[in-house]
Amino acid sequence: MSATFASQPFVCGALGVVREDEWLQLIGSAPAGTVTLDIGAGARFAATGNSRGLERVPQGWCWGRYIGRSTRATSIDSAANELGLAGYWRGHTDTAVVHGDALGFQDLYYRRLESAVYFSNRIEPLLAIRPAQRIHADWGAWARFFTFLGFTGSDTGFAEVRRLERSGRLTLTAAGVEIIAAPGPRWLTSPNASEPISGVAEALAEVVRDVSPGMSADGVDLTLSGGHDSRLVLAALQRSEARGLRASVTPHENGWDADVRVARQVAKASRIGLREVGWSAEDWIVARGEVASRLEFQTALHNWFSPLARSLYGSRRPLLDGLAGDKLLHYHALQTGSDPQAHRTDVLRRIGGWRISKPDILNRDVEETFSEITSSYWMERTAHWGLHPYAEVLYWLEHRTNRVIAAAPFRLFGPERMVVTPLIDPTFVAAVFNSRHSQPGEPDIRQRLLQILDPTLAKMETTNTMRSDPRSFVPRGLSLPMARLELASVVGRLPFARTIFRGQTLDRLVAGKELSPDALVLLRATAVLSDWYSAYHDRLANAEPDWT
């Protein structure tokens, strides 16, 4: 399931003392044909020449527009902080800057080799440089993978390949290449948290106003579920009088059909078309390996979206998605309290720490090692947000949403489709952080926002309020024996797999005697590790983790 870079570009480049053979290895391994757009003293940049998402700016190029506004970038700060773009900028002298965005949603990976730093928005081309050289697995990152169900921060599966973090920049100066974290924008670091909630609803209506007809005269597509997030986007679109709305829904892999049932009701009430895209057990199994490879093994999730994503390729209409609403708006009233460290420990448990502390699933030594590695990493990385008025929201955004969850819209639906995610538009996020905390009994402000934007949609039930009907359950995903058997066979190829699980846990999973969600998702994470290991073990200098 290779990507076609139609709506967003593949990009790569180099800063510093660049060797010609290494540059040719980088661009020669690009997943799509590239054009070298800039080459000079100490800086080079290449991109797919036919992607609509590559934007020319005064001193370079930007890409990765996930907002509906048509505002153009005029500087590095405006691109990263106001528009959420990644970019490559050349100075008038031998200087250059490569940057991500203020919230860390843009994928930009880099690898330092002596005095050069090579970068790309995909990992594989960076590994193609010096192909005979062995590389090192980052086993600490893989230990954390089991808590977050994906990589976070600068982690990848490789010690030599890092990802630019929130507000990260690669800078070329006369002194060489530095990797720095630029100061975040004031709306992120120092919000006033005092404005009324109504301002958040107004901001959402504003950020979708340019989508139709500005981005497309043919109309707008929307992924619709039974939850609040996609409904909020729909309400804002209708308030802005967007034309040609069309929604798509797919059954959840948990086997319950609440998403489809509620989406039908919402589409009918909104008088928009609804496409229902089903999938089979075989689809799920085939997609698992394909999606893991397409996402470069960065998360253990999302294969159930594959049939829906495929069905949406080929259109130039913008595709809107409610990414991040659940974290950005659901934790609106949850404050740090008097003990920031205790609060951070509790959030780690809720974000996934509970998953690796099950005494009957993981080997006890592995469980303790995973917990120790993840906890120390977490406490160090989250300390700077401890007194932020929306610290909990930021913990979730940085360690769950901006990579693990965002991979679905940006790397599965995109780069074929132009994906717009208005709930992470910096204008909207700034409005959320500048709004006053909701009441303790109302941590989730999505319902109140819906009441402002569309009272009719606000009254309708959601997947959170709809009662499950046992008659509507259809076994899908890992509730199917054939899916568990497939994953167990994949895990069986991993030499040290049985040292991860306790006793006969793997056998019990295959036999259906262990069906807890915790065990199933850990099986899924181990299968991704096994796929990755099968792809790269011949290149690894440290082929077995120190935690086995």
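This is a predicted model: local features need pLDDT of at least 70, side-chain atom pairs count only at pLDDT 80 or more; totals for chains, interfaces and linings use all residues.
## Helix angles

Residues are numbered from 1 along each chain, and side-chain values use heavy atoms, without hydrogens or water.

## Helices H13 and H15

The axes of H13 (residues 340-351) and H15 (residues 391-405) come within 11 Å and cross at roughly 40°. The two helices are therefore oblique to each other.

H13 brings His343, Arg344, Val347, Arg350 and Ile351 to the contact (heavy atoms within 4.5 Å). H15 brings Glu392, Tyr395, Trp396, His399 and Arg400. These residues divide into four nonpolar, two polar and four charged.

## The largest cavity

A cavity is a set of points on a 1 Å grid where a 1.4 Å probe fits but cannot get out; its lining residues have an atom within 4 Å of a point. The whole structure holds four cavities of 30 Å³ or more.

The largest has a volume of about 400 Å³. Its lining has 28 residues, and Gln106, Asp107, Arg122, Phe410 and Arg411 lie nearest its centre. H15 and H16 (407-413) each give two or more residues to this lining. The largest share, four residues, comes from H16.

## The second largest cavity

This cavity has a volume of about 60 Å³. Its lining includes Arg288, Thr299, Asn303 and Arg524. H10 (281-294) gives the most, with three residues.

Notes
Axes are lines fitted to C-alpha atoms, for helices over the stretch in contact, and angles run from 0 to 180 degrees between N-to-C directions. Angles under 35 degrees count as roughly parallel, over 145 as roughly antiparallel, 65 to 115 as roughly perpendicular and the rest as oblique. Ala, Val, Leu, Ile, Met, Phe, Trp, Tyr, Cys and Pro count as nonpolar, Asp, Glu, Lys and Arg as charged, and the others, Gly among them, as polar. On a 1 Å grid over the protein atoms alone, a cavity is a set of points where a 1.4 Å probe fits but cannot get out, and a pocket is an open set with protein on both sides within 12 Å along at least five of seven lines; lining residues have an atom within 4 Å of a point. Grid points are joined across faces, edges and corners, and a volume is the space filled by probe spheres set on the points.
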